[in-house]
Amino acid sequence: MDAMTKMWVSFLGIGLMAIAAFLITFARVKTKGILKFVLSFVAFVLLIFGFIYGFFSIL
């Protein structure tokens, strides 16, 4: 993978992690019940994908 592609992949990973952090904060502060669980689960999935993209950007 060339350097420019690695940069874009790392930006994607950082962006997914930032969205996950915002989403989990919003879910814990503003929501209750099943919506809180759903938003937390989506944030967890985004965090996992962000980690995977970040890991591939350093290979």
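The secondary structure comprises 2 helices and 0 strands, where helices are DSSP runs of H or I of at least four residues and strands are runs of E of at least two, numbered from the N terminus. The radius of gyration is 14 Å, well over the 10 Å that the globule rule gives for 59 residues, so the chain is more spread out than a compact globule. That radius is taken over C-alpha atoms, and the rule is 2.2 Å times the number of residues to the power 0.38.

**Basis of the values**
- Residues are numbered from 1 along each chain as its sequence is written, and side-chain values use heavy atoms, with hydrogens and water left out.
- In this predicted model, local features need pLDDT of at least 70 and side-chain atom pairs count only at pLDDT 80 or more, while totals for chains, interfaces and linings use all residues.

**Overall form**
- Along the principal axes, the C-alpha atoms fill a box of roughly 45 × 15 × 10 Å.
- Of the contacts (heavy atoms within 4.5 Å) with a separation of 6 or more, 59% join residues 24 or more positions apart.

**Burial**
- Buried residues (under 20% relative accessible area, 1.4 Å probe, protein chains only) make up 22% of the 59 residues.

- Not counting residues up to four places away in sequence, L16 touches L46, F49, G50 and Y53.

Conventions
Buried < 20%, exposed > 50% of the residue type's maximum accessible area, 1.4 Å probe, protein only.
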